[in-house]
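The following note sets out comments on the strand pairing and the nonpolar core of the model under review. Please read the points alongside the coordinates.

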Amino acid sequence: MKNMSKKRVLISILLLLGLVGGVAAGTYAYFTATRTTSANRFAAGTIDLNVLSNGAAAESFVLEVLGENGNIGGSKVWTVKNVGTLPARLLVRLKNVVNDENGCNDPETEAEPNCASDNLGELGAVVNANVSLDGTDVVSTTLATAQQGKVGTDWNALTPIIMQPGEERTVGMNWATDEAAYGNEVQSDSVGFDIEFRLIQQISGPTPTN
Ligand SMILES: [Ca+2]
Ligand SMILES: [Ca+2]
């Protein structure tokens, strides 16, 4: 399974089919907070954010180098800005992680006898991903469907990242695997996911679920 000729066949097939390792659509959510600030008047505050990458809002990315030099790897950076009027906590999580088989050819079935019946691709499990804050990796995961919640949970355990109105932070993602980490069981497999950025108002009370 790990010999170079089979690896080259795998890579060629992956490239020919145009099968990318994953597609991440940066998504973002808006939260609005209103609160009373004095006895005789109401002041409305806002919680809002922009997510920019290369000047485009929520630019998505594609893992399009799968198989190149036998490796999968790459990175992406977004600039997150608090465009509201209140300080808020930045949360990041993965959502909608989907690993698909996209059919099972003979080599894949040989490596993965249950390919036709389980409908769950193996690619995400061999992709290691780190999420960074201002250039430093802060949480890590694989892109296995079963690990979807790990980024959110680990991010939630960080010292809260509070963004003041107008403040910008840089959130990145880098991912990699190596040719020794996978075989024909990932032929034609794909993984897709969303990265969700949220700002939530700082209030007294329970820690929000991420
Ligand atoms: Ca499978
Ligand atoms: Ca598979």
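1. For the pairings discussed below, two strands are taken to pair if DSSP finds at least two bridges between them. The model is predicted, and local features are reported for pLDDT of at least 70.

2. Strand S8 and strand S11 (residues 162-163) run antiparallel and are joined by two bridges. One residue pair to inspect here is Ala 88, whose bridge partner in S11 is Met 163. Because the criterion for pairing is at least two bridges, the two bridges between S8 and S11 qualify.

3. S8 also runs antiparallel to S13, with 11 bridges joining them. In this pairing, Arg 89 stands opposite Ile 200 of S13.

4. The largest nonpolar core has 29 residues. Those touching the most other members are Val 92, Val 126, Val 127, Val 131, Leu 143, Val 151 and Val 171. Two or more residues are given to this core by each of strand S7 (72-82), strand S8 (88-100), S9, helix H4 (150-156), S12 and strand S13 (190-201). S8 supplies the largest share, six residues. As a general matter, nonpolar side chains in soluble globular proteins tend to be buried together.

5. Leaving aside residues up to four places away in sequence, Val 92 touches Val 131, Val 151, Trp 155, Val 171, Ile 195 and Phe 197. Of these partners, Val 131, Val 151 and Val 171 are also listed among the core residues that touch the most other members.

6. Some overall figures complete the note. The protein contains four helices and 13 strands. Of its 210 residues, 31% are buried. Among contacts with a separation of 6 or more, 78% are between residues 24 or more positions apart.

Definitions and conventions. Residues are numbered from 1 along each chain as its sequence is written. Chains are lettered from A and ligands numbered from 1 in the order in which they are written. This is a predicted model: local features need pLDDT of at least 70, side-chain atom pairs count only at pLDDT 80 or more; totals for chains, interfaces and linings use all residues. A nonpolar core is a set of buried Ala, Val, Leu, Ile, Met, Phe, Trp, Tyr and Cys residues joined through C-beta atoms within 7 Å. A residue is buried if 20 or more other C-beta atoms lie within 10 Å of its own, exposed if 12 or fewer, and partly exposed in between; C-beta atoms are placed from the backbone. Two residues are in contact if their C-beta atoms, placed from the backbone, lie within 7 Å.
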